[in-house]
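I opened my notebook for a friendly look around a new structure. Follow along as I go.

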Amino acid sequence: MPSRMPQITPFGFALAVAAAALMVVAIATGILLDQKRVLRQESESNRLYARSLAEHVARSIDSVELLLENVQEDLTAKAWWDWPDSRRGYAYLQGRLTVHLPQLRHLLIFDADGQQRHVSFAAEFKPVRVTDRPYWNQFPAGATKANFGPYVGRNTGRLTYAHIRRLEYPDGRFAGILMGAMEHGYFEAYCRSLLNYRSLIGALVNRAGEIVAQCARPADGATRVQKIRSEARRVGKEC
């Protein structure tokens, strides 16, 4: 009995193969185009994240600088060098810290001999002297401000970035320095809040090319970050 199944001719077979090939090409093209679209979107998103972080850091630092300028003027007017004890300074500096500046960890006052006189985190504290720090000598010589870091704070043992202002007596003589201490943890927390995927990695890098805040710890970058922090601790102990 003859078979009723249609016979596939060479032409029909070739046409089917061509149609399948076209379908595969169409699917592959669609996948590639979709991948390119996703990459473009993610690239633009990452660019916006980076810009947002950079602008936030700039605003944060500007806000701290403005506060230090105001406190610097106010301290001279209040003759802080005549305060009877560190409790008076603690109360004053605590009052100048604000919830609107969470990036500012501490305010500290050092006298003309580099001795720590008043801090915002405690009414009593261990003796600390900073005349061996690289930034110190420029202030008795007339410098009005400086930035320093990262270094390990002698009060906290944490990586710190200092914004420093010269303090003067009414006659212009050098009276000491005012320091605003910022820590990298604040920027790390902010940076992480911007990332929409846990697999993404972000970092804040200073002019020296050092990672000073990281949004996510990369599996292959832990050694590099640790190296930077170890170096900062070494510098903090030596300086």
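Is Asp 171 buried or exposed? I looked up Asp 171 and found it exposed, at a relative accessible area of 54%. (Buried means under 20% relative accessible area, exposed over 50%, and partly exposed in between, with a 1.4 Å probe and protein chains only.)

**Ground rules.** This is a predicted model, in which local features need pLDDT of at least 70 and side-chain atom pairs count only at pLDDT 80 or more, while totals for chains, interfaces and linings use all residues. Residues are numbered from 1 along each chain as its sequence is written, and side-chain values use heavy atoms, leaving out hydrogens and water.

**Salt bridges.** I counted a salt bridge wherever a side-chain nitrogen of Lys or Arg lies within 4 Å of a carboxyl oxygen of Asp or Glu. That rule gives eight salt bridges.
- Asp 171 pairs with Arg 173, their closest N and O atoms being 2.7 Å apart.
- Arg 87 meets Glu 124 at 3.0 Å, N to O. Arg 87 sits in helix 2 and Glu 124 in the loop between strand 2 (116–119) and strand 3, 37 residues apart. (Helices, H or I of at least four residues, and strands, E of at least two, are DSSP runs numbered from the N terminus.) Arg 87 is partly exposed because its relative accessibility is 48%, and Glu 124 is exposed because its relative accessible area is 58%.
- Arg 117 meets Asp 111 at 3.8 Å, N to O. Here Asp 111 is buried, with a relative accessible area of 12%, and Arg 117 is partly exposed at 26%.

**Nonpolar core.** I took a core as a set of buried Ala, Val, Leu, Ile, Met, Phe, Trp, Tyr and Cys residues joined through side-chain atoms within 4.5 Å. The largest one has 28 residues, and Leu 75, Trp 80 and Leu 178 are among those with the most contacts inside it. Helix 1 supplies its largest share, seven residues. I also noted a second, separate core of 17 residues, including Phe 110 and Tyr 135.

**Thr 98.** I found Thr 98 in the loop between helix 2 and strand 1. Thr 98 counts as partly exposed because its relative accessibility is 28%. Its C-alpha atom is 9.7 Å from that of Leu 67, 31 residues apart along the chain.
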